[in-house]
Amino acid sequence: MSDSIGVAVIGAGMAGKAHMAAWRNAPSLFAPTLPPVRLVSIGDVYEPLAAEAAQRFGYARHDTDWRAIAEADDIDVVSVVVANTLHREIVEGLLAAGKHVLCEKPLSDSLEDARAMATAATEASQRGLVARVGFTYRRAPGLAAIKQLVEDGTLGRVLHFSGRYWTDYGSSPDVPFSWRFAGAPGTGALADVGSHLAYVAEFLAGEVQSVNGGLFTTAITKRPIAAGFALRGQAVPLTGEFADVENDDYATFNARFGDGSVVGSLEVSRVATAHPNGLVVEVFCENGAARWDQERASEIGLALQSDGSRLGGYRQVVLGPDHPYVAGGMAMDAPGVGWGQNQMFEYQARAFLDEVAGVADPLPANATFDDGVHNMEILDAVARSAAAGGAALDVPPVRTTEGAHA
Ligand SMILES: NC(=O)c1ccc[n+]([C@@H]2O[C@H](COP(=O)([O-])OP(=O)(O)OC[C@H]3O[C@@H](n4cnc5c(N)ncnc54)[C@H](O)[C@@H]3O)[C@@H](O)[C@H]2O)c1
């Protein structure tokens with residue numbers, strides 16, 4: 001184990017800040033088994049944002065070129081939290097420079113780039129480097145609790161899955177064009193939030209074997225062009241020009257999981273007014289059913305057939321220290337305190353640091369780049385299904401060429 005771990009975050013936008021806070025808080029979760037974590041640098045091409053974020057989250061400096069972070073001797077671990085199309089160049093550069101990399105989802109905006117990144121990760125793993133993808137939701141205590149109930153037989157085998165990830169960040173036609181609206185069909189809502197939903201579906205229902213019924217729509221076809229730096233949700237002057245939206249505002253598809261007998265439907269949107277972050281999943285199992293809603297993240301719904309028809313139905317289970325990730329995993333870990341998505345980034349960061357430091361009792365490891373490729377193979381199959389009028393298409397099984405598979 002090294003004496004200390006220096007961390008940096010590239011990308012100081014919406015999710016970048018969650019990473020900055022997560023590295024800062026991760027050593028305080030659970031037992032103090034990590035070496036000291038040094039908060040070294042925030043990298044962003046927009047200098048005022050990088051400087052402000054470094055100050056706000058207590059990082060020693062900021063950089064405006066990711067290469068400075070790659071070259072820095074005092075940095076060991078780097079989060080890559082920039083537009084998907086930029087992931088490959090930065091990740092490959094960091095791995096070549098000997099950094100451990102936590103890359104945001106989806107792994108890239110093209111399958112070809114994602115596969116090249118997985119090859120780079122495999123090569124880097126032989127040099128002792130860890131490369132993982134930020135599928136944060138596997139850390140949601142509610143989803144982890146449902147998985148436990150499936151696996152310990154309380155719920156038993158999943159029969160079918162239903163999930164939606166509705167967001168509304170693109171609902172208004174006044175929202176300016178940004179990287180999220182550029183790219184081939186499938187790189188819109190499907191890649192942005194469908195990547196999470198597909199990962200969660202597999203976490204609960206097993207590996208996706210095939211998809212069908214792919215359907216996309218672009219509801220708002222033109223968006224105003226911002227005159228300057230624009231972060232999501234912030235007012236910004238406009239040029240008066242418009243750009244064509246290139247990818248999906250909405251996507252839906254069906255999937256077969258495991259041996260093909262488990263089925264499910266998945267639906268995503270970025271134009272679902274009044275659903276800012278509406279990830280909701282439900283699993284129907286041989287002994288009952290369970291559901292989780294991100295907007296009520298510290299509870300699950302549970303229904304058990306053994307309750308019978310007189311008393312049966314969904315009950316609210318308020319999560320606490322008897323459920324995964326909670327005991328010792330929060331500053332105040334009493335029942336009913338509540339939590340949200342920011343905590344999941346902290347668990348993710350802790351799992352990454354556990355793996356880098358080689359601690360004795362680590363959190364379950366983050367998804368590998370091979371998992372990230374598989375996730376993109378699902379998205380790619382959905383896009384091809386949509387282009388072929390909803391055709392059924394097989395998805396290749398996940399490869400395991402690098403590091404430990406969680
Ligand atoms: N895990 C999650 O829950 C989650 C949530 C949101 C976003 N994400 C992912 O995080 C990534 C970033 O999304 P976001 O919403 O934070 O984007 P964002 O647009 O809010 O921020 C991106 C930042 O990257 C900066 N940037 C652009 N080019 C750069 C470069 N070459 N070097 C350094 N910085 C550069 C921009 O100035 C901006 O500040 C995406 O891959 C996205 O899918 C994950």
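This is a predicted model: local features need pLDDT of at least 70, side-chain atom pairs count only at pLDDT 80 or more; totals for chains, interfaces and linings use all residues.
User: Thanks! At what angle do helix 1 and helix 9 pack?
Analyst: Residues are numbered from 1 along each chain as its sequence is written. Now the helices: helix 1 (residues 14–25) and helix 9 (residues 341–357) pack at about 55 degrees, and their axes are 8 Å apart. Axes here are lines fitted to C-alpha atoms, for helices over the stretch in contact, with angles from 0 to 180 degrees between N-to-C directions. Helices (H or I, at least four residues) and strands (E, at least two) are DSSP runs, numbered from the N terminus.

User: So is helix 1 oblique or roughly parallel to helix 9?
Analyst: That angle makes helix 1 oblique to helix 9. Under 35 degrees counts as roughly parallel, over 145 as roughly antiparallel, 65 to 115 as roughly perpendicular, and the rest as oblique.

User: Which residues make the contact of helix 1 with helix 9?
Analyst: From helix 1 they are Ala18, His19, Ala21, Ala22, Trp23 and Asn25, and from helix 9 they are Asn342, Phe345, Glu346, Gln348 and Ala349. Two residues are in contact if their C-beta atoms, placed from the backbone, lie within 7 Å. By class, the contact has six nonpolar, four polar and one charged residue. Ala, Val, Leu, Ile, Met, Phe, Trp, Tyr, Cys and Pro count as nonpolar, Asp, Glu, Lys and Arg as charged, and the others, Gly among them, as polar.

User: Switching topic: which residues come nearest to the ligand?
Analyst: Gly11, Gly13, Met14, Ala15 and Glu104 come nearest, out of the 24 residues around the ligand. A residue is near a molecule or strand if its C-beta atom, placed from the backbone, lies within 6 Å of it. Helix 1 comes up again here, as it gives the largest share of the shell, three residues. The shell has twelve nonpolar, seven polar and five charged residues.

User: And where does the ligand lie relative to the domains?
Analyst: Domain 1 (5–136) and domain 2 (139–339 + 364–368 + 377–382) both give residues to the shell, so the ligand lies between them. The domain bounds come from an automatic or database domain assignment.

User: How many residues of domain 1 are in contact with domain 2?
Analyst: 17 residues of domain 1 are in contact with 19 residues of domain 2. The domain 1 side of that contact has ten nonpolar, four polar and three charged residues. The centres of the two domains, taken over C-alpha atoms, are separated by 24 Å.

User: What about the backbone: which peptide bond is cis?
Analyst: The bond from Lys105 to Pro106 is cis, with omega near -20 degrees. Pro106 sits in the loop between strand 5 (100–104) and helix 5 (111–125). Another backbone detail is Phe30, which has a positive phi of about 60 degrees although it is not a glycine. Phe30 is in the loop between helix 1 and strand 2 (37–43).

User: You mentioned helix 5. At what angle does helix 4 pack with helix 5?
Analyst: Helix 4 (residues 87–96) and helix 5 pack at about 10 degrees, with axes 10 Å apart. That makes helix 4 roughly parallel to helix 5. Arg88, Val91, Glu92 and Leu95 of helix 4 meet Asp113, Ala116, Met117, Ala120, Ala121 and Ala124 of helix 5. By class, this contact has seven nonpolar, no polar and three charged residues.
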